[in-house]
Amino acid sequence: MLLISINVKAQNDSGVFYIADIEVNAGETYRGFLEVPAMQNDPGTVIPITIHNGSSPGPTLSLIAGIHGSEYSPILSMQKVSELIDPTELAGTLVIVHIANMPAFTGRTIYFGPQDRKNLNRSFPGDLEGTVTERVAHVLTTEIIDKSDYMLDIHSGDANESLRPSYSAYYAEAGGKEVIAESRRIAIAFGLETIVQFAGDYDSLDEAIYTSAQAVKRGVASMDVESGELGMIDDSYINPITNGVLNVMRELEMIAGEPYLPTNPLFINDRARIYSEHNGIWYADPLVKTGDYVSEGTALGVITDYHGNELETVRAPASGVLLILFGTPPVNEGDNIVVVGKVMN
Ligand SMILES: [Zn+2]
């Protein structure tokens, strides 16, 4: 049973679905763009979207890829998902944001937009009067999140980050009981072997600066996905996203069938991070790979200055699964070089 009311946000009695000035009839597909308006001396941008509006009632599920524009496996998976869904056989509405952050995609930047140097995944709920990244966040909040019953924010390691294994994640403490239960439900239904539980809550919408944090605080069940790394476009990163989305749609009874689930997923309920204390050059230890279990204190790599003198040996901050490790040479003070997932006991 769905705990969250369905079809009240953006679909009228005859099944027409509305976003911005776009109308999609039941059983039809829309392919086009959301507009992010320009401001003086500051060009706007567009957000490419597909809307499959099902011929029968059901929840509205939104998929957001490309919050970080150089994370390619989510973006390529959305192309596949879009082709796989037939709106005449769909219950509810599937909204696909193919590339949330077009300035970062076309500008090929990591973390930050090229114009304003802001991180879209730290810019929610956004601001219609702000910089282009803040305006993108505002459009996503008002036109995508607020019209969804469920939202998936889909990432990979950024173009400089090695990331393994692929995992789903949800807020275990933010959003209230029903939203937490529904977020957990879809995070498990996605079907990956590793599930991360984000800790903590937010006192206000303005403090919920992450995409999925903003969504849960607005009452929308949400989860994150991480699958892929280092700007690569391998099927081993793309297919788990495509399959996971179909699994969630089966769980929500939007398409026929049962989700295919692993028998014994690994839950991670805390993450330990290392931030660089120096600017310099990063050498990851060749014996260490993301996805490995590491014990606290294991050497993971070395930072040198620009002439090769060693500045810092970076060691595992805790025992657990090495989820993220920098994979390219540039390192700046304050960069998050390492993330270790602590396994629940
Ligand atoms: Zn990302």
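Two strands count as paired if DSSP finds at least two bridges between them. Strands (E, at least two residues) and helices (H or I, at least four) are DSSP runs numbered from the N terminus. The model is predicted: local features need pLDDT of at least 70, side-chain atom pairs count only at pLDDT 80 or more, and totals for chains, interfaces and linings use all residues. Residue numbers start from 1 along each chain as its sequence is written.

**View 1. The open sheet of 4 strands.** The strand order is β16-β15-β13-β18, with antiparallel pairing. Because β16 (310-315) and β18 (330-331) each have a single partner strand, they stand at the edges, and one side of each is left without a neighbour in the sheet.

**View 2. The pairing of β13 with β18.** Strand β13 (residues 280-284) runs antiparallel to β18 and is joined to it by 2 bridges. Pro330 of β18 stands opposite Ile281.

**View 3. Helix α3, residues 132-144.** Of the 13 residues, 12 are buried, that is, 20 or more other C-beta atoms, placed from the backbone, lie within 10 Å of their own. Among them are Val132, Glu134, Arg135, His138 and Ile144.

**View 4. The protein chain as a whole.** The chain has 6 helices and 19 strands. Its C-alpha trace spans about 70 × 55 × 40 Å along the principal axes. Of its 345 residues, 50% count as buried.

Note on methods
The expected span of a helix is 1.5 Å times one less than its number of residues.
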